[in-house]
Amino acid sequence: MKEDANIIRRVAEAKADVKAADRMIADYMPFIKSETAKLTGSVPREGEDDELSIAMMAFHEAIEGYSRSRGAFLSFAALVIKRRLIDYGRREKRFSGHVSLSSPVTEDENVPLEDTIESENDEYEALHEREALRHEIAELTAQLAEFDITLTDVAKNCPKQERTQRACRELLIFAMKNPELIRKLRESGRLPVADLQKGSGVERKTIDRHRKYIVTLLLIYSNGYECIRDHLKEIFGAGEGGERA
């Protein structure tokens with residue numbers, strides 16, 4: 001799974017700023033807890049379980065020691081957490097049912113356990129992506145509320161005909177090439193219908209009928225929302241709202 005560029009950026013910031021590192025640890029707590037639970041067999045409790053503290057320190061260690069040559073950050077962090085927890089378990093004589101990462105998977109195989117972790121880490125990366133998507137949806141919901149729009153409104157306002165969908169894509173592409181229109185939208189709280197109609201050639205009645213849907217597209221494509229944009233690519237097709245926008 002391709003590493004999210006946003007994670008790379010955050011790791012770089014966390015290396016240089018302790019507060020940024022603390023924020024990243026807090027944001028990735030579901031991931032850290034999942035890694036800990038995988039080894040201990042139960043969900044760790046903050047402020048109570050030593051294992052979670054060890055995992056949090058290991059995540060910070062992963063931030064400090066990460067480089068692109070190590071592959072995906074979450075895969076690297078998962079491996080560091082697992083190693084530190086096993087080391088802790090050995091010292092405390094816990095996790096007696098677990099073996100060293102360098103031990104073979106079975107008696108008949110000569111493959112170290114750490115070589116099998118990649119598929120597990122894919123699962124955790126998927127978990128993080130779902131969590132990131134949840135955060136983006138919550139943020140988008142709050143932003144839409146400023147325009148008196150709900151996600152239910154957007155769902156009802158989505159164009160059904162292919163011709164209308166194509167017109168909305170053309171509006172998006174035109175607006176992304178003319179960022180002053182996005183600025184007008186944010187400053188006034190109103191869709192600059194006349195400017196969009198004149199510049200894109202899309203009929204005004206189409207813009208008026210699907211105003212809430214168009215506002216949502218403009219907010220999504222001008223505010224990052226990488227996870228949501230990835231999902232929209234399945235609708236728009238590769239490249240829509242991206243390089244061509």
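Select Tyr 66 and Phe 76: both are buried. This is a predicted model. Show the two rings. They form a tilted aromatic pair, with 6.0 Å from centre to centre and 45° between the planes. Now colour by element. Tyr 66 sits in the loop between helix H4 (50–65) and helix H5 (73–92), while Phe 76 belongs to helix H5, so the pair ties together parts 10 residues apart in sequence.

The structure holds five aromatic pairs.

Next, go to the largest nonpolar core, which has 31 residues. Pick out Leu 191, Ile 207 and Leu 218, the members that touch the most others. Then display the helices that each give two or more residues to this core: H6 (117–145), H8 (162–177), H9 (179–188), H10 (193–200), H12 (211–222) and H13 (226–236). H12 supplies the largest share, eight residues.

Centre on Leu 218. Beyond its neighbours within four places in sequence, Leu 218 is in contact with Leu 172, Ala 175, Ile 182, Leu 185 and Leu 191. Apart from this core lies another, of 30 residues; Ile 7, Ala 21, Met 24 and Tyr 28 are among them.

Finish on H8. Which of its residues are buried? Select Thr 164, Ala 167, Cys 168, Arg 169, Leu 171, Leu 172, Ile 173 and Ala 175. Now check the helix end to end. At 1.5 Å a residue, the 16 residues of H8 should span 22 Å, and the end C-alpha atoms are 23 Å apart, which agrees.

Terms used. Residues numbered from 1 in each chain as written. Predicted model: local features only at pLDDT ≥ 70, side-chain atom pairs only at ≥ 80, totals over all residues. Heavy atoms only, no water. Core = buried A, V, L, I, M, F, W, Y, C linked by side-chain atoms within 4.5 Å. Buried < 20%, exposed > 50% of the residue type's maximum accessible area, 1.4 Å probe, protein only. Helix = DSSP H or I, 4+ residues; strand = E, 2+ residues; numbered from the N terminus. Contact = heavy atoms within 4.5 Å. Expected span 1.5 Å × (residues − 1). Phe/Tyr/Trp six-rings, centres within 6.5 Å; stacked < 30°, edge-to-face > 60°.
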